[in-house]
Amino acid sequence: MLQTLQRLRADPRARSIVVPCLYVTGPVDTAHETTMSDVFGRQMVRLSNGIRLSQGRPPIARMVSYMAGKHPNSRVGVFCCAPKKMTSQVRSSVHDTNAAVAARGTHMEMRAECFSV
C-alpha cells in the first residue's frame with residue numbers, strides 16, 4: 001500500500017488530492033523533518049516524499065467525516081492498512097458516513113489490508 005501511495009504522490013495530477021497520512025504507535029523521530037498540525041490539532045511530521053506521519057491512533061470517525069465534507073459531489077477513496085479491529089472501525093465509519101452524505105453526491109470507497117499484531 002505504501003508503494004501505491006508513493007506512486008500517487010509522484011503523479012502531478014493526483015498530488016493535490018491524494019493526502020496519505022500514516023499513524024504509528026511506536027516512537028516517531030522528528031529531528032530531521034518538518035513538523036505541522038493536522039486539521040484536528042494533532043502533531044504530524046511531513047516527510048520529504050510528502051507523506052504525513054503521526055504518532056498514536058487516528059481519530060477514525062472524525063477523519064472519514066471530515067474528508068467526506070471536504071469533497072462534496074466526489075468519489076473519495078479510503079485506504080487502510082491496519083489490524084483487523086481498526087480496519088473494522090474504518091469500514092464502519094465509511095459505511096455510516098456514506099449513509100449521511102449520499103444526498104450530497106459524495107461516495108466513499110474503501111480498500112483495506114489487514115495484519116495481526
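Axes here are lines fitted to C-alpha atoms, for helices over the stretch in contact, and angles run from 0 to 180 degrees between N-to-C directions. This is a predicted model, in which local features need pLDDT of at least 70, side-chain atom pairs count only at pLDDT 80 or more, and totals for chains, interfaces and linings use all residues. Residues are numbered from 1 along each chain as its sequence is written, and side-chain values use heavy atoms, without hydrogens and water.

**View 1. Packing of helix 2 (residues 60-70) on helix 3 (residues 84-101).** The axes of the two helices lie 9 Å apart, at an angle of about 35°. Helices (H or I, at least four residues) and strands (E, at least two) are DSSP runs, numbered from the N terminus. Helix 2 contributes I60, A61, V64, S65 and A68 to the contact (heavy atoms within 4.5 Å), and helix 3 contributes M86, Q89, V90, S93, V94, T97 and V101.

**View 2. The largest nonpolar core, with 13 residues.** Such a core is a set of buried (under 20% relative accessible area, 1.4 Å probe, protein chains only) Ala, Val, Leu, Ile, Met, Phe, Trp, Tyr and Cys residues joined through side-chain atoms within 4.5 Å. V90, V94 and M108 touch the most other members. At least two residues each come from helix 2, strand 5 (75-83), helix 3 and strand 6 (107-115).

**View 3. Surroundings of M108 and T97.** Neighbours within four places in sequence aside, M108 contacts V64, M67, A68, V76, V78, V94, T97 and N98. T97, in helix 3, is buried at a relative accessible area of 10%. With the corresponding sequence neighbours left aside, T97 contacts V64, S65, A68 and M108.

Conventions. Buried means under 20% relative accessible area, exposed over 50%, partly exposed in between (1.4 Å probe, protein chains only).
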